[in-house]
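Hello,

Here is the structure we spoke about. Please have a look at it before reading the notes below.

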Amino acid sequence: MSRPFPYTYISCPCADTPVPNPARKRRSRESPQKANPDAPGTDEKGTITEDEEEEQTFDPRSPRSNFSLYPPEQLLYCEDCHQIKCPRCITEEIVCWYCPNCLFETPSSMVRSEGNRCARNCFNCPICTAPLAVSTLENVTVNGTQQGPWVLSCGYCMWTTLDIGIKFDKPTNIRTQLSKLTDSTSRGRQMSKSLGDLKSPLSTYASIDEHLSAAGDNGGPDQSAEPPGPDARFAALKGFYRNQIAETSTSPADPLGTDFAGGFSSPGALNRIMSLYTSSSRLSSLYNKKPKSKPPVMREALTASEGLKVPAPNAEDVVVRRMASDECGWDGVASIEQRSFQSPDARFVDDLLPLPVLLRTKRSKRCKSCKHILVKPEFKPQSTRFRIRLIALSYIPLATLRPLTISPPQAGYPTAAPTVPNLDSLLPLKPVQLLLTLKNHMFDPVRVTLATPSVTPGRVGTKVTILCPQLDIGANSDVWDEALQGSAPGEQRSSRSGAMGIGYEKVAEAGKVWDKGRNWTTVAIEVVPGTLPGGGRRASRANNDFNDGDDDDDDDSLDGKNFDWSGQSKDPNEQLQPDEDVLEIPIFVRMEWDSENQMEQSVSKSSDTVKRELAYWMVLGVGRISPELEG
Amino acid sequence: MPPKAFKGEYIETDTGNKISRRAQIHGTQRIILGGKTVIQTDAVIRGDLYRSSSSHASSTDDPASAAPSPSVAITVGRYSYISKQAILRPPSRLHRGVHSYYPLKIGDHVFVGERAVVEAASVGNHVHIGKEAVIGGMAILKDFAVVLDGTVVPAGMVVPSWCVVGGRPARIVGEVGEGYGVEGADGGLARERYRLVGR
């Protein structure tokens, strides 16, 4: 709905069938005369009356449609499955990591150690997330180079690192400078390592009680030491638990031991699987259960060197008192959004640190069912080219919709002013003619069949008539062919766009295409927008002779089914639900073409061409119906 | 038929640029249009804001130094479209105590929405700038970037290719599909847009 009118969405059939099912394709081939071979659930869920399902048209307003409708440029096409692939039908593989700010690539080996963030000078403002710039404090130049000290400053909210009292000596390598300044990581890590080495025998304590006394003994010196920063604590905790797992799982060959550890580390799980096949050891361990020693018990971190942090008893009070004080106030407290990217201890604006920019990725895409690569970008982060790019737009006809400038004189309707119909407020019950152009990007001519329900689904029933539902589109050819043909294509093009100006002379006829070009065909669609539930009352009464029965049908049949989600109106019929006034036309597109059989060219068959067909639902967003009858 | 506008609203140049007579274009000799560019009514293009050559006698980095004008303020590529009331201003920066302007480069097939303000250092090809967006000074929009309506791209921000930014300040909120920018589809409508201007 966010797109401006008119727009086109294409429904990926994967939303209806959870498993990509070749049977569905076969079915559609067997019964091509059916209007809707891709109806949801025709194969597995045959328990529901199948015919009914078969006839079901696609409702762009149904909640399920949200998950299957995509703008055409997001769709891919798998040449092996001969199917449209939406972002849910593919798997992605990372080609490279890069910083969106400096556009430098980060090697995959470095990504983890750098915390998935840019290791250079790229930072985001902790207050507003805008990028920070490195700038100098004093405007002194010596020998043409600027001198420090340097700060990071936000050009958007004017925050600088001076607000948290940080200056840098050099304008480069800010990340390492910052980590040295703010967090005693390197120092803390060394400290914890040395302490941890001393304490490593502790981790083999069989019971916690035993250890508690020991911890109580040497609790004094730990607390006297400077508390390590959050990063150092995390490193200490990680090391501690890794040790614990290693110690408690006695031997990798023991199935029980690895069973236990398997929950913590994946290599253990692999070991367990492998040991399944060495059946002798498994059986022996089952049958002669030798009395084992008491299994070692995992314990939690108990000292600061292991990463435990016990906050001071009055820590909460201090925080609350500071929040309530005058110098802090509302502005001094960090918001939830700001805190979510910071260390968990950060409560105030002063605690917020500049955020190194998160890396982004370039990804290649594969078909989920056949694993063929659909998209493979160039490796370099800055490049916008692709090595492989199988987008749906080069296979399915590209649909563009535009209103016919002047609605031809209709019985009972005087010719409107010669203006382009305003798609944001279509008048109810006033026929609008639209031109749908389908452009073929394949090098084979395509035969297209369009089908649409005569009245759009939903409460606002809009009558839709495609004047020429069967059409042929010529093959795409090289751009050079067009150029070498001289001015003819140019004339065609001008006539095509000129149709907007002289359109009133031409009357759309049923069964005839509106216009045709080398690889495109335009058909006319006539639309009679329905009346909205609230404002349509007056309209339907005023136009009783026009579509009396139809309007009544809509209201009566749907009375019981519709709920008023807003709960504001007494009469649910009068209440317009959000975006119910948007006119969206579902169109079933079936295309057939003869393609060269590239797969089995060596096997010389009787004919080199294979008949292919593709069918999908397309939704045309035409416009918004205005509540008033007269503009 | 609507009454014909006086002599046509647009001036069409030799290279096919369609420039509204009511656009405000300053310093025309420092503006390069690549051809088939559309500039609509009340758009403001500040070619008069250029780097004064006094501080930069040897501007070797300027690619247009060979052009008759000493420095170019604004370059716009082919099939770009500057909507009504949009403002193009070369970015400026205080560098070593001197306030100077830098050239604004706009690529091909770029769309600048209504009432947008662009002070970017460079705008790549096939970039879409929504209406009422603000592109801050020295920002860089790479090819196929999309700036949503009403976004404020902060000064100095880099928007990578294929990324969609939105919000104030702008953040990367998504990516466009691989088919973006294909002729005739979303992001590839520049030729069609050009064709329909001035009819």
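In chain B, 37% of the contacts with a separation of 6 or more are between residues 24 or more positions apart; two residues are in contact if their C-beta atoms, placed from the backbone, lie within 7 Å. This is a predicted model, in which local features need pLDDT of at least 70 and side-chain atom pairs count only at pLDDT 80 or more, while totals for chains, interfaces and linings use all residues. Residues are numbered from 1 along each chain as its sequence is written, and chains are lettered from A and ligands numbered from 1 in the order in which they are written.

Chain B has 23 strands and one helix. Helices (H or I, at least four residues) and strands (E, at least two) are DSSP runs, numbered from the N terminus. Of the 199 residues in chain B, 52% are buried. A residue is buried if 20 or more other C-beta atoms lie within 10 Å of its own, exposed if 12 or fewer, and partly exposed in between.

Between the chains, 28 residues of chain B are in contact with 30 residues of chain A. On the side of chain B that touches chain A, β23 (171–175) and α1 (190–196) each supply at least two residues.

In chain A, A:Arg590 lies in strand β23 (residues 582–596). A:Arg590 counts as buried because it has 21 C-beta neighbours inside 10 Å. Apart from neighbours within four places in sequence, A:Arg590 is in contact with A:Thr449, A:Glu613 and A:Ala615. A:Ala399 is 191 residues from A:Arg590 in sequence and 13 Å away in space, C-alpha to C-alpha.

Regards
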